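Work through the exercises below with the sequence and the model open. Try each task before reading its solution.

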Amino acid sequence: MVQPLGYLKESASQTAGPYVHIGLTPNHAGIGGVYDTDLGAVMVNDKTLGRRITMTGRVLDGTGTPLKDALLEIWQADAAGLYNSPSELRGSADPNFTGWGRCATDGVTGEYRFDTIKPGRVPFRDGRPMAPHISLWIVARGINLGLNTRLYFADEEAANAEDPVLARIEHRVRVTTLIAAGEGDHYRFDIHLQGERETVFFDI
Amino acid sequence: MSDLPNRKPETGAFFARDRLWHPPGLTPGYKTSVLRSPQKALLSLDGTISEITGPVFGHSILGELDNDLIHNFAKPGESAIGERIIVHGRVLDERARPVPGALLEFWQANAGGRYRHKKESYLAPLDPNFGGCGRAITDADGHYAFRTVKPGPYPWPNGVNDWRPAHIHFSVFGHGFAQRLITQMYFEGDPMIWKCPIVQTIPDKAAVEQLVAALDWGNTIPMDARAYKFDIVLRGRRSTLFENRMEGN
């Protein structure tokens with residue numbers, strides 16, 4: 001016998017189901033009057049520092065059909081590369097930027113949209129700079145445990161080339177699944193749950 | 001969003017997730033998972049600052065009735081129909097420490113098993129006084145509580161005759177983006193738990209039992225509402241002593 005470690009097990013995940021909107025975006029789901037606004041609907045205000053960008057895209061299943069009942073959350077650094085979080089010890093993030101957004105995919109088209117800013121670079125565990133990126137978390141009916149991935153920017157070729165996380169992707173053809181194509185200030189990022197173009201998902 | 005007072009910032013990376021304890025992505029008994037589950041191996045990544053940080057929600061976002069689903073959608077002077085219950089418990093991490101300031105968002109069907117959602121077609125009626133959503137933020141000891149009505153079971157299109165047991169959906173924010181979790185709470189004594197294809201996505205019986213709330217007779221309010229106790233465990237994080245670069249503990 002040894003001393004028990006005394007650790008608990010993480011509560012097991014269960015799917016968000018088809019009605020996740022009732023809980024997480026009730027105003028969007030037509031349940032008005034309970035909360036003033038849906039959390040995460042607005043990430044920026046007119047004082048937010050940095051370059052305004054829009055990211056749009058879809059979540060596609062194994063047949064290429066967009067999910068019309070998915071929900072995405074994003075988490076990112078501010079323009080200076082600081083997170084608006086108590087665990088951020090390197091400085092104070094822009095108080096006019098939450099860094100966190102939430103959006104349900106459209107019930108007809110399957111499109112999501114975030115109006116945010118281009119994040120600055122943040123360090124990897126060993127101090128090397130990572131390329132600018134946005135973390136994503138995707139839940140939906142049929143997804144048993146929320147999926148984690150990252151969005152990188154096509155116009156950051158040099159930074160992407162030295163990014164320590166992208167460097168870990170053994171099959172180099174898959175790196176492109178994490179790169180959002182940009183046109184002006186609009187970035188496009190589709191997430192493929194399966195298939196040849198399956199997005200690289202992370203166990204973080 | 002606001003900082004929590006008197007809480008030392010946590011900067012350790014999270015314990016690796018036990019993916020044999022969680023449901024796998026592909027669970028053919030739950031048909032929708034077949035085309036929505038990634039087929040390639042996940043890329044494992046020890047948490048960077050992008051994963052160990054996360055948004056914090058202050059109590060100021062909460063309205064007075066956010067944790068009262070019996071009344072938060074009801075007309076003045078009216079209330080939702082159903083068995084009145086209180087659900088309460090603690091949010092802990094795997095190190096058994098309370099998680100203060102955790103945002104919990106919950107949603108559920110009404111007492112007849114009907115959701116207020118445009119894609120819902122079950123023939124049970126809507127309750128005009130029940131919306132089905134609520135939220136709470138844990139206190140310094142990790143406690144939360146809310147009032148609601150017990151949701152009804154309902155049939156769903158999967159197998160020919162599949163039913164969901166009574167359940168409440170929980171979305172939980174801890175302190176790091178990597179702690180993000182959605183799960184469901186079931187009710188003690190419900191024989192339908194063990195017939196449900198979504199419950200059956202969880203491989204380990206003990207992991208299912210951890211999601212079953214116990215009837216809490218001690219906290220039941222006489223002549224008002226029964227209580228159920230439901231604790232939630234989020235991933236633990238390493239002490240900063242075990243980080244590569246020591247920053248104090």
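## Exercise 1: The interface

Chain A places 66 residues in contact with 80 residues of chain B. Contact means that the C-beta atoms, placed from the backbone, lie within 7 Å. This is a predicted model: local features need pLDDT of at least 70, side-chain atom pairs count only at pLDDT 80 or more, and totals for chains, interfaces and linings use all residues. Residues are numbered from 1 along each chain as its sequence is written, while chains are lettered from A and ligands numbered from 1 in the order in which they are written.

**Task.** Find which elements of chain A each supply at least two residues of the side that touches chain B.

**Solution.**
1. The elements are α1 (20-24), β5 (133-139) and β10 (202-203) of chain A. Helices (H or I, at least four residues) and strands (E, at least two) are DSSP runs, numbered from the N terminus.
2. Sort that side of chain A by class: 35 residues are nonpolar, 22 polar and 9 charged. Here Ala, Val, Leu, Ile, Met, Phe, Trp, Tyr, Cys and Pro count as nonpolar, Asp, Glu, Lys and Arg as charged, and the others, Gly among them, as polar.
3. Now follow β10(A). With strand β1 (residues 43-44) of chain B, β10(A) pairs in the parallel sense over 2 bridges. Pairing requires at least two DSSP bridges between the strands.
4. Opposite A:Phe202 stands B:Leu43 in β1(B).

## Exercise 2: An enclosed strand

**Task.** Explain why strand β4 (residues 133-137) of chain B is described as largely enclosed.

**Solution.**
1. Apply the burial cut-offs: a residue is buried if 20 or more other C-beta atoms lie within 10 Å of its own, exposed if 12 or fewer, and partly exposed in between.
2. In β4(B), 5 of the 5 residues are buried, so the strand is largely enclosed by the rest of the structure.
3. Check both directions. B:Cys133, B:Arg135 and B:Ile137 point one way, B:Gly134 and B:Ala136 the other, and all are buried. In a regular strand, side chains alternate between the two faces of the sheet.
4. Look at the neighbouring strand. Strand β3 (residues 103-107) of chain B pairs with β4(B) in the antiparallel sense over 5 bridges. B:Leu103 has B:Ile137 as its bridge partner.

## Exercise 3: The nonpolar core

**Task.** Of the 112 residues in the largest nonpolar core, which touch the most other members?

**Solution.**
1. A nonpolar core is a set of buried Ala, Val, Leu, Ile, Met, Phe, Trp, Tyr and Cys residues joined through C-beta atoms within 7 Å.
2. The residues are A:Leu71, A:Ile138 and B:Val172.
3. Strand β9 (residues 181-187) of chain B gives the most to this core, with 5 residues.
4. Beyond residues up to four places away in sequence, A:Leu71 touches several others, including A:Val20, A:Leu24 and A:Val139.

## Exercise 4: A glycine in chain A

**Task.** Is A:Gly101 buried or exposed?

**Solution.**
1. Locate A:Gly101 in strand β3 (residues 100-104) of chain A.
2. A:Gly101 has 25 C-beta neighbours inside 10 Å, so it counts as buried.
3. Leaving out residues up to four places away in sequence, its contacts include A:Gly40, A:Met43 and A:Phe114.
4. A:Gln76 lies 25 residues from A:Gly101 along the chain, and their C-alpha atoms are separated by 9.0 Å.

## Exercise 5: Chain B overall

**Task.** How many helices and strands does chain B have?

**Solution.**
1. Chain B has 2 helices and 12 strands.
2. Of its 249 residues, 47% count as buried.

How values were computed:
Two residues are in contact if their C-beta atoms, placed from the backbone, lie within 7 Å.
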